[in-house]
Amino acid sequence: MNQMTFPDHRPLTTAPQGAGLVPDPRQAPAAAPVMNLTDVSVFYGSYEAVRNTTMPVHTHQITAMIGPSGCGKSTVLRSLNRMNDLIPGARVAGGVTYHGQDIYERDVDPIQVRRRIGMVFQKPNPFPKSIFDNVAYGLKVNQIRDDVAGRVEQALRGAALWDEVKDKLKTSGLALSGGQQQRLCIARTIAVQPDVILMDEPCSALDPIATSKVEDLMHELAGQFTIVIVTHNMQQAARVSHHTAFFTAEVDANGVRHGRLVEFSETGRIFTNPVDKRTEDYITGRFG
Ligand SMILES: Nc1ncnc2c1ncn2[C@@H]1O[C@H](COP(=O)(O)OP(=O)(O)OP(=O)(O)O)[C@@H](O)[C@H]1O
Ligand SMILES: [Mg+2]
């Protein structure tokens, strides 16, 4: 079977053979969304947790997903890099494309998908390894063996953590503060040079100072990566994102709740002039 691969994001000169099955992201027009969801529904067993989500993910921008608890934000986020594959009984229907290619096609390797579309979780989850090894881990898994030390330094610099840890790279990642641990996890994610970074409430375990550091970092990273962030914090969505998707949970005739995308728009518009009354009620605090 021909295993499809995604293009490597390293400089063009080192692009591997056989990387031409999908368009090179660096040559895509700036306006083309890097990902598109078309009628995406996600099931856990027979339960349809999220229904018919259609939205773009714009290149080198920050897209926020907001909405009340249980409306399916994490579920949709996981569908963007096939993390739902790891949940027994989970199934994704509809289309999720990355540079025009359906990531759920039979021949697509989910490991390749997750390398191109990385994820940072809610709770900082460094491995019980040294700071250096935490960042080098992704390189090892992806069999990237050249200039590991340089790549680790570059990732730690990219995650705005280098100056704080450069003299203690052999110390356990678990010995860092919560905010540092989250930046370490971001460094681990960017070390393999993904194209898109998914973040599920990355600041919810952090204090305001660490939160603002991670928010500043997101702005910086958006120049290089595309970011999708789930957040419960509407001020955060308004501060950091370019586009916002508002989800809610609808109750059907049988009393079953299903997540729905209510409105997707530029963030400024969602927060000042939303089209849908449900969005307005949510952002003005009348609901949720
Ligand atoms: N692994 C799972 N197995 C079964 N049902 C699940 C699973 N994960 C989520 N669900 C259900 O899917 C729906 C959407 O959950 P999801 O975690 O995506 O919501 P969310 O918007 O991220 O909520 P929160 O803001 O609380 O994190 C919920 O009804 C939830 O109970
Ligand atoms: Mg969630």
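**A hairpin, a ligand shell and a helix**

Let's start at a turn: in the hairpin of strands E4 and E5, which has two residues between the strands, His-99 takes a positive phi near 50 degrees. Strands (E, at least two residues) and helices (H or I, at least four) are DSSP runs, numbered from the N terminus. This is a predicted model, where local features need pLDDT of at least 70, side-chain atom pairs count only at pLDDT 80 or more, and totals for chains, interfaces and linings use all residues. Residues are numbered from 1 along each chain as its sequence is written, while chains are lettered from A and ligands numbered from 1 in the order in which they are written.

E4 and E5 (residues 101-102) pair in the antiparallel sense over two bridges; pairing takes at least two bridges found by DSSP. Here Thr-97 stands opposite Asp-102 in E5. E4 (residues 90-98) also runs antiparallel to E1 (residues 35-44), joined by eight bridges, with Leu-37 opposite Val-96 in E4.

Now for ligand 1. Among the residues around it are Tyr-44, Lys-73 and Gly-259, each with its C-beta atom, placed from the backbone, within 6 Å. Helix H1 (residues 73-79) gives the most to this shell, with three residues.

Finally, look at helix H7 (residues 208-222), which has 15 residues. Its buried residues are Lys-213, Val-214, Leu-217, Met-218 and Leu-221. (Buried means 20 or more other C-beta atoms within 10 Å of a residue's own, exposed 12 or fewer, with C-beta atoms placed from the backbone.) Seen down the axis of H7, the buried residues fall within an arc of 145 degrees (taken from the directions from the axis to the C-beta atoms), so they line one face of the helix. The face turned away carries the exposed Pro-208, Ile-209, Asp-216 and His-219.

Key
Expected span 1.5 Å × (residues − 1).
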